[in-house]
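Let us work through a structure by question and answer, taking each term with its cut-off as it comes up.

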Amino acid sequence: MMEVFNEQYVQYIDQEHVSWKSLIQMAGQPLLDDGLIAQEYIDEIITTCKEKGPYMNIGPNIVLAHARPLPSTKKAVMALLLSKQPAALLDDPAHKARLWIFLATPDDRSHIELIQKLATLLMDADHVQRILAATSQEELLASVLAE
């Protein structure tokens with residue numbers, strides 16, 4: 001079975017007063033550093049949020065940050081960032097989130113298996129609660145990578 005998240009793309013941060021835009025940037029940064037995406041993809045996610053509203057807030061405390069495929073995206077991949085403090089997507093208090101899942105895809109198909117695996121993980125309420133309960137990078141990795 002293909003894993004949902006690669007360990008190197010899972011981050012825990014405990015900074016306070018971080019904006020939703022900064023959290024999206026931070027979530028995607030490891031993919032950017034590895035050359036899997038370009039900065040334009042992160043910028044496109046932020047623009048899409050502003051244009052289309054908070055639909056990326058897919059559940060309590062969870063944002064699935066994504067944008068349309070761009071040629072600079074090298075492969076379908078996801079990253080995860082858990083922030084100790086919630087941030088409001090689009091600065092809307094009704095859409096606070098701590099779990100920022102970053103999805104990049106080079107086309108309309110290659111991410112489908114990843115999305116199916118993510119959906120399975122997110123449907124497991126206990127697993128999601130364990131992830132949200134993490135208070136360190138080590139705890140987050142243990143809870144994310146647990147089957």
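Student: Leaving aside its neighbours within four places in sequence, which residues is Glu-44 in contact with?
Tutor: The model is predicted, so that local features need pLDDT of at least 70 and side-chain atom pairs pLDDT 80 or more, while totals for chains, interfaces and linings use all residues. Residues are numbered from 1 along each chain as its sequence is written, and side-chain values use heavy atoms, without hydrogens and water. With contact taken as heavy atoms within 4.5 Å, the partners of Glu-44 beyond those four places are Ala-67, Arg-68 and Leu-70.

Student: Does Glu-44 count as buried or exposed?
Tutor: Glu-44 sits in helix α2, helices being DSSP runs (H or I, at least four residues) and strands likewise (E, at least two). Relative accessible area under 20% is buried, over 50% exposed and in between partly exposed (1.4 Å probe, protein chains only). Because its relative accessibility is 19%, Glu-44 counts as buried.

Student: Which residues does Val-128 contact, leaving aside its neighbours within four places in sequence?
Tutor: Val-128 belongs to helix α4 and, at 8% relative accessibility, counts as buried. Beyond four places in sequence, its contacts are Ile-62, Leu-121 and Leu-122.

Student: How are α4 and α5 oriented relative to each other?
Tutor: The axes of α4 (residues 125-133) and α5 (residues 137-145) come within 8 Å and cross at roughly 170°. The convention calls angles over 145 degrees roughly antiparallel, under 35 roughly parallel, 65 to 115 roughly perpendicular and the rest oblique. The crossing therefore makes α4, relative to α5, roughly antiparallel.

Student: How many charged residues are in the contact of α4 with α5?
Tutor: From α4, His-127, Arg-130, Ile-131 and Ala-133 meet Glu-139, Leu-140, Ser-143 and Val-144 of α5. By class, this contact has four nonpolar residues and two polar ones, and the number of charged residues is two.

Technical notes. Axes fitted to C-alpha atoms, helices over the stretch in contact; angles between N-to-C directions. Nonpolar A, V, L, I, M, F, W, Y, C, P; charged D, E, K, R; others polar.
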